[in-house]
Amino acid sequence: MHVPAWRTLLGRLRSAWSLYDGIFLVPYRAELHREYLQRRDLFLLLGCSDLLGVPNPVAFYTLELYPELIEEFHEWHLRMGMPHAPDGGFRCC
Amino acid sequence: MASSHGDAARARRRIPVLLSDARIQFFGGKGGVGKTTLAAAHAVAFADSGARTLLISTDPAHSTSDVLATPLGADPQQVEGPLWAMEIDPAHEADRYVADVKARIQDTTPPRLWQEVERQIDVARVSPGAQEAALFERVARLLETEAAAYDRVIFDTAPTGQTLQLLSLPEMMQAWMAGLIGRRKKLNAIAKIWKGRRGPAGEARGQADDPVLAALEARHERFVRARAVLTDRAQTVFNFVVLPEQLPILETERAVATLDRYQVPVGTVFVNRVLPERAEGAFLAQRREREHGYLERITKTFSTHPVVHVPLQGQDVVGLPALRTLLTTIDPPSS
């Protein structure tokens, strides 16, 4: 299949940029990931504190976030070294 | 639509002078002061003037169907001519919302979690504030959809406390939602950098298709729109009903202050069940003496608002004819 020259060039530029970006980010990789996870946990706490058994004054409005956030909650308690969800809140497993 | 507006304009001249021009009118006050009666009487008057009018009761006590002597449902139904009415049941609305979320969760959550998720949702269903939230949700949705087809929308609200919470909700929720949205956006920005490092699959999940952010933003926008309507002086007014008695006056005073704080425009103060001049007898003369003091106090307390006296009626105000008579017995505003 024929690939246009500009597309090949674009692809090469992109991988060059990605390589440069990757080299630049290597020292901060762990830091970045930690920051990402921390923010994710904070959002989970603010948005769905009732999953942890902490009363949430706006629980009624965050109900609609459940479908998406329950998955994050499950990931969170596994990452925290708890094979089962903590007592008092949502028992996902 | 143009002709119906023309009719309404022509008819407006026939409406008693005390009726405000606002398209959306709330009636509030302490329990048992006659909110339902006055709201219904206004709705009937507007409908008689040719305006397509929707009377909405948000009071779980549901006296509106009793006053109109017509059974009402959760959707608008025709009472007579251009007069339509409905009753919103907060508990029913909460159930409806909960059922909605449960249905959505079944699509996205693994079946092993359903039971637990439902338990969690049922907890939220009975948590404090849930019914107000559901009620607000319904009112906001109503203002955006069905109510747009009416020339006048009259709300008969629940007693003060619930109503104030209802009206202050958008302000507080807006701030809270904005905070969550801000956090979610920052999270997504970092997620993009982090996941971008892990190949095109991670990169594809951008900010635009984050379902959590989309849900939050949709809700935030609904709050902003509802608040814009509630605080718009050109189309909304909140009328109060009081009795010439100590406790209703105090409660209404506080309520007016609260609405001012949330910038909800306050309109007329209706003083209900004022003893008519022709009521005779030594006992009534004594009552009237006391009443006079309260009436003066009401005029002074609500000096920046028109105060209208509604005389005590000889008979129960039930049914359309009685509601029509009620407004004709009212003197013009005293301020």
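In what order do the 8 strands of the open sheet in chain B run? I looked this up before anything else, keeping in mind that the model is predicted.

**Entry: the sheet of chain B**

I read the order as 3-4-2-5-1-6-7-8, with mixed pairing. I then checked the edges and found strand 3 (77–80) and strand 8 (307–311) of chain B, each of which pairs on one side only.

Strand 1 (residues 24–28) and strand 5 (residues 152–156) of chain B run parallel and are joined by 4 bridges. Within that pair, I noted Ile154(B) in strand 5 as the bridge partner of Gln25(B).

Next I asked which helices pack on the sheet, and took down two. Helix 2 of chain B touches strands 1, 2, 4, 5, 6, 7 and 8 of chain B, and its direction makes about 170° with that of strand 5. Helix 11 (residues 282–301) of chain B touches strand 6, strand 7 and strand 8, and its direction makes about 175° with that of strand 7.

**Entry: the nonpolar core**

I looked up the largest nonpolar core and counted 95 residues in it; Ala40(B), Ala43(B), Val44(B) and Val271(B) have the most contacts inside it. Helix 2 (residues 35–48) of chain B gives the largest share, 9 residues. Domain 1 (2–92 + 149–166 + 234–328) and domain 2 (171–223) of chain B each contribute at least three residues.

Leaving out residues up to four places away in sequence, Ala40(B) touches Leu55(B), Thr64(B), Val67(B), Leu68(B) and Leu323(B).

**Entry: where chain A meets chain B**

I found 29 residues of chain A in contact with 31 residues of chain B. On the chain A side, helix 1 (5–25), helix 2 (29–47), helix 3 (59–62) and helix 4 (66–79) each supply at least two residues. Helix 2 of chain A has the largest share, 10 residues. I sorted this side of chain A by class and got 19 nonpolar, 3 polar and 7 charged residues.

**Entry: Leu44(A)**

Is Leu44(A) buried or exposed? I place Leu44(A) in helix 2 of chain A. Leu44(A) counts as buried because 20 other C-beta atoms lie within 10 Å, and the cut-off for buried is 20 or more.

I also listed what Leu44(A) touches beyond four places in sequence: Leu69(A), Glu72(A), Phe73(A) and Trp76(A). Ile70(A) is 26 residues from Leu44(A) along the chain, and I noted 9.2 Å between their C-alpha atoms.

Definitions and conventions. Residues numbered from 1 in each chain as written. Chains lettered and ligands numbered in written order. Predicted model: local features only at pLDDT ≥ 70, side-chain atom pairs only at ≥ 80, totals over all residues. Core = buried A, V, L, I, M, F, W, Y, C linked by C-beta atoms within 7 Å. Buried ≥ 20, exposed ≤ 12 C-beta atoms within 10 Å, placed from the backbone. Domains from an automatic or database assignment. Contact = placed C-beta atoms within 7 Å. Pairing = 2+ DSSP bridges. Axes fitted to C-alpha atoms, helices over the stretch in contact; angles between N-to-C directions. Nonpolar A, V, L, I, M, F, W, Y, C, P; charged D, E, K, R; others polar.
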